[in-house]
Amino acid sequence: MIDEKNQNPSVEGYGPSSSFLLDIAPLVLTAIILMVQFFAFKDFTPHIPLACGILITGLFMKLRGRDWDGMEQRFLKVVKIGLPAILILMGVGMLIGAWIIAGTVPTILYYGFSIFTPSSFLVSVCIICAIISLATGTSWGTVGTVGLAMMGIGLGLGVPAPLVGGAIVSGAFFGDKMSPLSDTTNLTPAAAGIDLWEHIKGMLPTTVPAMITAVLIYAWIGTSYGSDSVDMSSIEAIKASLASNYNLSVITLLPAVVVIGAAVMKMPAIPTVLVGVVVASVIAVFMQGVGLHDVFNVLQNGFKSETGLEIVDQLLSKGGVMSMTWVVTLTIFALAFVGSLEHYGTLKAIMAKLDKVIKTRFGLVISSYASVIGVGTIIGDVYTTLVLPGRLLKDKYQEMGYKRTTLTRAVEDCGTLLSPLIPWNMGGSFVAATLGIATITYAPYAFACWLSPLFGLLWLALNKFIPRETPSVPVSEHVVVTSNDI
């Protein structure tokens, strides 16, 4: 009996060699290059280190006497798996631009700020950031605009910066995780091979209780700060600017209603996004007086706000297909790198080690948590953190008869939500630099972020919200051929 995976180079992927260190060497070397990029160069763009990782993996393939062509075919196949997510991201770029010129985002902002009161500052900050992040699909954009403004207001109210930072991060990353417009929310299910809406539904058992608990804690803490006599002129200035530059009404919320309705009806993600773009574009033309050529330009290049109020212009100057270039190119590099590791045998080597501990649902889910946290801590790149564990463990879930929604939930709980709590991770570095406070100081107060994986562990212990499916036959049982077949 001959193991076809280890002996036949024409078969997709290779099995682990006798040297585990050699198997994981490309991953380790790439992680070192990423850390040099992050810490030595203070540059948090991982594109080139990941490109170097692909080349390094190819060189190790050559050392093992294997050709580049096979690896290239493999990583292109993995990139192809991510193409629907990439198309969705480009559609989301158009959708954000369309929602801005239609008045949808300004309306959400206007009424979001209307719930703001000094006596419930922390709760309001968390909810506002969650609403905006859900509407735009970007935690970083929310932190860099509304979050930055809230930091200044919070300091004026006498609320400690770490508390404000924690509330901002909780809301922004909750919205990012649950928004169908988010890059992370689209990439995670694509890497694991499941439907977007199925993935979002699977995250509800951990994300919603975590957010509700976080809001209650902020309400309790927030009663000690602020008073109704505090000057809220900056908030009123934002609302006045929005009202004077846009026709705000229930109609301008129609694009959001359409997208939510399509999601409830479980329409495919790409048509959902495109319908939202069309509805918003029509409203922009007939309600906001935007010319058709200007609509096309915004869908392509994004919107440049010129209200005269800096915070509003920062909030609304975004969107367009081209705004997604950074994310799309990084997604391609991350997928190609993971595909290269798959073909080289790194993932199989790691999986062989994990197989020794994955015997029960506890081992399966804990391994998911550990792998995501490990990649996020060692590599620090959010996108590789989302893709690599999903690709590593997706077949194991199917083999053991568990739906992959538990895997993708673990990936987002420990990848998307914990990224802003790790100082050297892309998320933590961005938040700290943007808000001007150390990651370690706000992390304890980002309740929604670290409570979500804890709820996941609770459901694991109680065997709740871990759906089953018909188990598949283990790969090793059907990839063996006899000598007569060779």
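Predicted model: local features only at pLDDT ≥ 70, side-chain atom pairs only at ≥ 80, totals over all residues.
Residues are numbered from 1 along each chain as its sequence is written, and side-chain values use heavy atoms, with hydrogens and water left out.

Why do I call α20 largely enclosed by the rest of the structure? Ten of the ten residues in this helix, residues 405–414, are buried, the term buried meaning under 20% relative accessible area, with exposed meaning over 50% and partly exposed lying in between, for a 1.4 Å probe and protein chains only.

Leucine 364 is buried, with a relative accessible area of 1%. Leaving aside neighbours within four places in sequence, leucine 364 is in contact with Ile358, Lys396, Tyr397, Met400 and Tyr402. For methionine 400, which is 36 residues from leucine 364 along the chain, the C-alpha atoms of the two are separated by 8.8 Å.

Stepping back to the whole protein, the secondary structure comes to 23 helices and two strands, and buried residues make up 56% of the 486 residues. Among contacts between residues at least 6 apart in sequence, 78% join residues at least 24 apart. The accessible surface comes to about 19,700 Å², of which 67% belongs to carbon and sulfur atoms, and these areas come from the Shrake-Rupley method with a 1.4 Å probe, with only the protein chains shown counting as cover for residues.

Now to two helix pairs. The axes of α2 (20–40) and α3 (47–63) come within 9 Å and cross at roughly 155°. That makes α2 roughly antiparallel to α3, given that angles over 145 degrees count as roughly antiparallel, under 35 as roughly parallel, 65 to 115 as roughly perpendicular and the rest as oblique. The axes are lines fitted to C-alpha atoms, for helices over the stretch in contact, and the angles run from 0 to 180 degrees between N-to-C directions. The crossing of α2 past α3 is right-handed, that is, the near helix is turned clockwise from the far one by less than a right angle, anticlockwise being left-handed. Among the residues that meet here are Leu22, Leu29, Ile33 and Gln37 in α2, and Pro49, Ile56 and Phe60 in α3.

The second pair is helix α4 (residues 68–102) and α9, which pack at an angle of about 165° with their axes 8 Å apart. That makes α4 roughly antiparallel to α9. The contact is made by Ile81, Gly82, Ala85, Ile88 and Leu89 of α4 and Asp183, Asn186, Leu187 and Ala190 of α9, and this crossing, too, is right-handed.

Glutamine 37, which lies in α2, is buried, with a relative accessible area of 11%, and, not counting residues up to four places away in sequence, touches Lys42, Asp43, Thr45 and Pro49. Lysine 42 is in the loop between α2 and α3, has a positive phi of about 55° although it is not a glycine, and is exposed, with a relative accessible area of 62%. Most residues other than glycine have a negative phi. Phenylalanine 465 also has a positive phi, near 55°; this residue is found in the loop between α23 (447–462) and β2 (480–481) and is partly exposed, with a relative accessible area of 45%.

Finally, how many disulfides are there? The count comes to zero, a disulfide being a pair of cysteine sulfur atoms within 2.5 Å. The sulfur of cysteine 129 is 7.5 Å from the closest cysteine sulfur, in cysteine 126, which is too far for a bond. Cysteine 449 is in no disulfide either, with the nearest cysteine sulfur, again that of cysteine 126, 9.0 Å away. Cysteine 129 is buried, with a relative accessible area of 0%, and cysteine 449 is buried as well, at 0%.

Notes:
Helix = DSSP H or I, 4+ residues; strand = E, 2+ residues; numbered from the N terminus. Contact = heavy atoms within 4.5 Å.
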